[in-house]
Amino acid sequence: MDSASMPTSPPDDVRTTAPGSRALATEAVHAGRDDLARQGLHAPPIDLSTTYPSYDSRGEAARIDAFAATGADPDGPPVYGRLGNPTVARFETALARLEGTESAVAFASGMAALSAVLLVRGSMGLRHVVAVRPLYGCSDHLLTAGLLGSEVTWTDPAGIADALRPDTGLVMVESPANPTLAELDLRSVAHACGSVPLLADNTFATPVLQRPAEQGARLVLHSATKYLGGHGDVMAGVVACDEEFAGRLRQVRFATGGVLHPLAGYLLLRGLATLPVRVRAASATAAELARRLAADPRVARVHYPRIGGAMVSFEVHGDPHEVIGRVRLITPAVSLGSVDTLIQHPASISHRIVDADDRRGAGVSDRLLRLSVGLEDVEDLWADLDGALGERAEAIPLREALARTE
Ligand SMILES: *Cc1c(COP(=O)(O)O)cnc(C)c1O
């Protein structure tokens with residue numbers, strides 16, 4: 001068939017492929033875009049509207065009532081930008097497909113997403129949270145400081161069942177955890193939670209390496225700022241979950257305002273398209289760097305997850321601040337999941353806000369460095385790390401220098 005005789009719309013059976021029947025790499029490129037071809041579009045449109053005209057205010061009242069009852073996305077055009085946005089909805093649809101959940105709700109940042117979860121449970125009188133350390137520094141801080149009225153019990157995975165109380169609204173874990181890359185068995189943790197929702201922060205693994213909902217987590221949290229966006233230019237958070245919880249999250253998002261900007265929604269949808277390729281390529285490089293670091297006498301300990309991934313943490317014998325000061329190709333910066341490689345010192349930056357004893361107790365040593373491996377060539381990255389680790393490279397000229405002065 002030549003292009004002139006192509007129908008403008010594909011046949012119905014092509015459009016309505018059942019969710020879940022396509023591979024992850026295919027979903028990454030197509031999910032959230034299923035309607036585009038029949039609209040005659042290729043790239044998704046960006047809808048920047050903050051409000052939506054309607055001559056039918058009775059109908060609009062009914063849609064607002066329906067949203068207040070269930071939090072379901074209103075049928076027809078959204079009423080106001082805080083209720084929902086079509087461009088952001090494309091990203092939510094796509095992420096839900098990748099995580100294998102019914103729905104997903106996007107927020108202005110990962111912390112806004114976690115805040116909304118705590119507010120949903122707190123508003124039901126379930127203020128107690130059981131959590132396993134380490135967590136991302138600010139997640140730890142939000143729970144420890146009780147900023148949203150929650151009360152936390154820290155425990156290890158084996159202690160979860162005993163820590164549950166009648167007012168426990170949430171169990172929260174990260175695996176692999178930020179920054180030690182400690183892993184836990186999500187299936188057995190979910191089992192220990194009983195009927196209490198388990199929130200798994202899947203920022204580090206991404207749905208490419210792990211889909212916590214398949215293992216029993218009711219809530220899957222992402223700092224979409226990291227791998228989902230993937231280029232260091234979008235701040236966002238998202239919770240993938242069942243539609244019932246998603247409705248409550250949308251209601252909290254509407255009332256508290258932590259919405260995602262439509263342009264960010266567009267960039268995240270674009271980021272998802274390359275997520276499997278980026279994560280697999282960066283993971284292969286990270287695994288090789290982890291292997292070389294583990295064999296290096298300047299490195300005391302290397303943490304690399306069993307499930308793989310693009311994060312490597314390692315403890316140095318020398319001064320970690322010196323290593324940060326010596327990188328050239330690698331950027332010394334907090335955050336992670338970008339196309340370029342970043343390194344940071346968790347005790348100084350990402351986990352600074354956590355009390356030093358709690359931090360060390362969670363395995364975050366003062367000599368730990370966290371590397372987020374990007375898409376550069378492995379040899380260039382190794383050359384930079386080798387130079388930044390210092391000593392070995394410096395010891396030789398120093399010895400030569402001393403020999404000369406003797
Ligand atoms: C960065 C991060 C967060 C917080 O996300 P923001 O987008 O920075 O608000 C939460 N969890 C993990 C594991 C993170 O790395």
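Tutor: In this predicted model, the domain assignment gives domain 1 (3–275) and domain 2 (276–403). Their C-alpha centres lie 30 Å apart.

Student: How do you know that domain 1 and domain 2 are in contact?

Tutor: Contact requires heavy atoms within 4.5 Å. By that cut-off, 36 residues of domain 1 are in contact with 34 residues of domain 2. The area buried between the two domains is about 2,700 Å², with 64% given by carbon and sulfur atoms.

Student: Which domains supply the lining of the second largest pocket?

Tutor: Domain 1 and domain 2 each contribute at least three residues to that lining. The lining has 21 residues, and Gly110, Met111, Tyr136, Ser223 and Lys226 lie nearest the pocket centre. H5 and strand S6 (219–223) each supply at least two lining residues. The pocket holds about 280 Å³ of space.

Student: What makes Leu142 in helix H6 a buried residue?

Tutor: Buried means under 20% relative accessible area. Leu142 is classed as buried, so its relative accessible area is under 20%. Gly137, Ser139, Asp140 and Leu143 of H6 (residues 137–145) are also buried.

Student: What do the buried residues of H6 pack against?

Tutor: They pack against helix H5 (110–123) and strands S2 (128–132), S3 (151–155) and S4 (168–174). After H6 comes Gly146, with a positive phi near 60 degrees.

How values were computed:
Residues are numbered from 1 along each chain as its sequence is written. This is a predicted model: local features need pLDDT of at least 70, side-chain atom pairs count only at pLDDT 80 or more; totals for chains, interfaces and linings use all residues. Side-chain values use heavy atoms; hydrogens and water are left out. Buried means under 20% relative accessible area, exposed over 50%, partly exposed in between (1.4 Å probe, protein chains only). Helices (H or I, at least four residues) and strands (E, at least two) are DSSP runs, numbered from the N terminus. On a 1 Å grid over the protein atoms alone, a cavity is a set of points where a 1.4 Å probe fits but cannot get out, and a pocket is an open set with protein on both sides within 12 Å along at least five of seven lines; lining residues have an atom within 4 Å of a point. Grid points are joined across faces, edges and corners, and a volume is the space filled by probe spheres set on the points. Domain bounds come from an automatic or database domain assignment. Buried area is the accessible area (1.4 Å probe) that two parts lose on being put together, summed over both.
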